Amino acid sequence: MSPQMHRPAAGSLCPACTEPLEEDDRFCGACGQELSALSPPSGGDRPTLAVSVPPEWRTGPGAEASSAPAEPPAPVHAPAPAPAPSASGDFELPPPQTPLPVPDPRIAPPAAPPAAVPPAVPPAVPPAAAKVCVACRSGHVDPDGYCENCGHAQPRERDHMERELGPVAAVSDRGLRHHRNEDAFAISTTALPDGSPAVVAVVCDGVSSATRPDEASLAAAGAANELLLTALPHGVHPEQAMREAIVAAATAVNALAGQPPAGEPSEHGHGSHHQLNAPACTIVAAISAGGLLIVGWVGDSRVYWVPDDREGPAARLTEDDSWAAQMVAAGLMSEREAYADERAHAITGWLGADAYELEPHTAAFKPDRSGVVVVCTDGLWNYAEGPDEMARAIPADAAERPLHSAQVLVGHALDGGGHDNVTVAVLPFAVARPGAGSGHDRRA
């Protein structure tokens, strides 16, 4: 059905410019005013515009029942709504254009429909954090441990290790000449049955001429430490516990001879060529417990005593299992002559399946003053061999800063050339009542 338009009567004037209008005019010839909606059609229902009205816009009596307010506020610059059909099927054109009402600031405008947004592209998953080269600081490290940019071999986990545990600390470093660190250490604290503290330091040095020396030292240090942590709380005398710990360490190293190297199939079994040139290492350890200082060793790693006040003499508490030590003990050479010989560091005692009969060495001391115990491999004492040299190398506040002191001693060896792996543990030994006399007394 065609819409019925309301037309002006003959002789009427334009409501906008007052120009005369003709009967059939739909627009004013002078100003262009639309004339079809000069007045609402007579009778019939007034159609409502298809406009969604928020409930909060409806005010006054009967607002809830009303389907539309008389003049809902329209957004600024909103397009004019399209005409909607009335109940009778006729159309009513919108009223003449008039200035748009200013929105009431107290009333929130209707929410605009959400704009079409393209599907979000999931962010790229970043690759796993790649290790950066320690040399060029830009290249990534490949799975084999080499920089993809400069080719520099990266430090292994054991190349430099540090640990501090209460009153004891240790540092181990690969040194400047070796391609890997074959040393290992273990430090721990426990308590005797009476509740008094016991502090343990174990240092092992892999024998480079043997196979898998790094595995040997790690196995020995772990086994010795584990036994001490079990024996001491159960009341085993510290010196006896030390002997048992060395035997346990030897057993752990011996077991490696029947095992293939890491990553190699165990097709050879026991009694294979792995028995030849079996994994081997030295061991040295110290225990501070019950007012006693217990040391134990096999090989040429050492324990030094340095008093805090530097008034008592420093001392070396171990004797090397080495060719040089045998020459000196037999009176065939002076210590200076023996250690200047190229055979000086050939060891006569070690842990390993092809070692001679195991002879653990132990000794007990009762210091009369406070000091520090230095437990180290030959990678350190080669640069501070005499007790007085060691006393000069260690900081004066070593008892208060054991980790710092261990770091300083390793630095001393590296500054001296770092020809070997360097491992040192610093264990402060406190005496409540200062005494007089020598720095330590030997007890059988």
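In the predicted model, R212 counts as buried, at 9% relative accessibility. The side chain of R212 meets that of E215 in a salt bridge, with an N to O distance of 3.3 Å; E215 is partly exposed, its relative accessible area being 26%. A salt bridge also joins R180 and E182, whose closest N and O atoms are 3.0 Å apart. Over the whole structure, the search finds eleven salt bridges.

The largest nonpolar core has 32 residues, of which V202, L228, L232, I283, I287 and L351 touch the most other members. At least two residues of this core come from each of β3 (183-191), β4 (197-206), α1 (213-231), α2 (238-256), β5 (280-289) and β6 (292-298). The greatest contribution, eight residues, is that of α2. A second, separate core comprises 31 residues, including Y304, W323, V372 and A413.

Helix α2 has 19 residues and spans 27 Å from its first C-alpha to its last, close to the 27 Å expected at 1.5 Å a residue. Among the buried residues of α2 are P238, M242, A245, I246, V253 and L256. Two of these, P238 and M242, are touched by I287, whose other contacts include V199, V200, L228, L232 and L292 when residues up to four places away in sequence are not counted.

Definitions and conventions
Residues numbered from 1 in each chain as written. Predicted model: local features only at pLDDT ≥ 70, side-chain atom pairs only at ≥ 80, totals over all residues. Heavy atoms only, no water. Core = buried A, V, L, I, M, F, W, Y, C linked by side-chain atoms within 4.5 Å. Buried < 20%, exposed > 50% of the residue type's maximum accessible area, 1.4 Å probe, protein only. Helix = DSSP H or I, 4+ residues; strand = E, 2+ residues; numbered from the N terminus. Contact = heavy atoms within 4.5 Å. Expected span 1.5 Å × (residues − 1). Salt bridge = Lys/Arg side-chain N within 4 Å of Asp/Glu carboxyl O.
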